Amino acid sequence: MEMSILGHANALFRQSVERPAYSFLHSILQGYWNSCEIHYGSGSISGFLSQDNVQVGGLVVKDQVFIEVTKEGSLSFVLGKFDGILGLGFQEISVGNVVPVWYNMVQQDLVDDEVFSFWLNRNPDAKEGGELVFGGVDPNHFKGKHTYVPVTKKGYWQINMGDFLIGNHSTGLCEEGCAAIVDSGTSLLAGPTPIITEINHAIGAEGVVSAECKEVVSQYGDLIWELLISGVKPNKVCAQLGLCIFNGDEYVSTGIESVVEKENKEGSSAGDDLLCIACEMLVIWVQNQLREKETKEAAINYLDKLCESLPSPMGESVIDCNSISTMPNISFTIGDKPFSLTPEQYVLKTGEGIAQVCISGFMALDVPPPRGPLWILGDVFMGVYHTVFDYGKLEVGFAEAA
């Protein structure tokens with residue numbers, strides 16, 4: 001059996017922008033009828049657990065455990081008018097090890113193929129917001145063949161992503177591979193702050209000016225350059241400058257946190273953390289400039305400008321709507337094949353006429369080791385590329401959406 005749901009995917013299947021990683025049945029706590037509370041990046045919800053038959057389109061999933069929400073602790077949830085959250089991740093991240101709804105569909109023989117697929121319609125005026133097919137793939141919503149890559153870690157639908165380019169220039173960060181999550185619950189495309197800042201600078205997006213970033217460029221830019229030239233390992237530079245601490249294993253920032261996982265931090269003040277984070281970003285930027293064989297003076301000037309493109313605290317950056325035609329393409333390498341996004345595809349527009357606002361589709365998200373660094377290929381990417389989640393073969397496929 002194959003079942004598809006047509007409707008407003010933005011309302012039915014999307015979670016909040018600031019909650020990029022726990023996009024699946026992360027809400028279940030232990031036992032039936034237990035009270036529970038779930039914290040997301042943009043707020044929290046609370047309620048109790050229930051068990052009942054759940055109808056999804058034309059399918060009836062028997063004895064499904066779910067949470068009934070009685071309180072929404074966030075204005076964004078209320079304004080978003082979400083009908084609910086449909087978790088489609090692996091059981092490895094199901095709190096309390098509760099069986100996710102997709103697992104029950106498979107176990108109860110409700111679908112012929114252990115596959116589900118997404119088509120997200122990016123036309124805001126369209127009657128149908130998208131299509132989620134359980135048990136198959138709709139050939140009407142993609143062109144050519146899908147490029148498949150294996151799931152590298154069960155939990156989220158995590159894959160390996162290769163280098164990506166800004167225009168025709170490699171960023172170099174993911175030449176050896178980067179972990180990426182494919183997530184319909186994330187509206188934007190998220191990645192490490194240093195690279196997102198470079199992208200936003202290249203496309204002319206403006207965020208909040210970081211005084212800490214500019215301070216590190218002014219006081220330590222020359223030293224960072226000289227240390228890297230002399231052969232000091234990149235992960236040791238900021239510690240040698242006294243801006244980051246030693247955690248007993250390696251030199252790391254104490255300030256980077258994400259909605260995926262928050263850890264208890266000790267041993268540094270908030271100001272020290274910001275300087276450490278700024279230093280770590282500058283090390284990455286200097287490495288890129290060395291790769292491009294820029295002069296030190298030109299590189300330092302470039303770093304200072306990048307500081308002005310740091311995203312705002314919520315991660316978003318604004319773009320001049322009139323400059324979209326001059327922006328570069330952004331290309332991701334998946335399965336040794338480039339997947340490009342044009343400016344029209346990665347810029348989100350709201351409002352009309354003089355009230356129109358254009359927002360960069362790239363947001364900063366710093367996921368600490370061992371889970372990170374991590375990229376999130378959200379709706380900005382999935383809207384361009386039809387996505388197949390193959391549970392049976394443990395792989396994800398992408399093809400041009402139609």
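Predicted model: local features only at pLDDT ≥ 70, side-chain atom pairs only at ≥ 80, totals over all residues.
The bond between Cys321 and Cys358 is right-handed, because the torsion about its S-S bond is about 120°. This pair links distant parts of the chain, with Cys321 in the loop between strand 15 (318-319) and strand 16 (330-334) and Cys358 in strand 19 (residues 357-360), 37 residues apart.

The structure holds five disulfides, and when the bonded cysteines are numbered in sequence order the pairing reads 1-2, 3-8, 4-7, 5-6, 9-10. Three of these bonds are listed here with their sulfur separations.

| Disulfide | S to S distance |
|---|---|
| Cys174 and Cys178 | 2.1 Å |
| Cys213 and Cys307 | 2.0 Å |
| Cys321 and Cys358 | 2.1 Å |

The link of Cys174 and Cys178 is left-handed, with -95° about the S-S bond; Cys174 is buried at 0% relative accessibility, and Cys178 is buried at 12%. The disulfide of Cys213 and Cys307 is also left-handed, since its torsion is about -70°, and it connects helix 5 (residues 211-229) with helix 8 (residues 296-307); both of its cysteines are buried.

Across the protein, 10 helices and 23 strands make up the secondary structure, and buried residues account for 51% of the 402 residues. The largest nonpolar core has 68 residues, of which Trp102, Phe332, Trp375, Phe381 and Phe398 touch the most other members. A second, separate core of 29 residues includes Ile224, Val232, Leu243 and Cys244.

Technical notes: Residues numbered from 1 in each chain as written. Heavy atoms only, no water. Helix = DSSP H or I, 4+ residues; strand = E, 2+ residues; numbered from the N terminus. Buried < 20%, exposed > 50% of the residue type's maximum accessible area, 1.4 Å probe, protein only. Core = buried A, V, L, I, M, F, W, Y, C linked by side-chain atoms within 4.5 Å. Disulfide = S-S within 2.5 Å.
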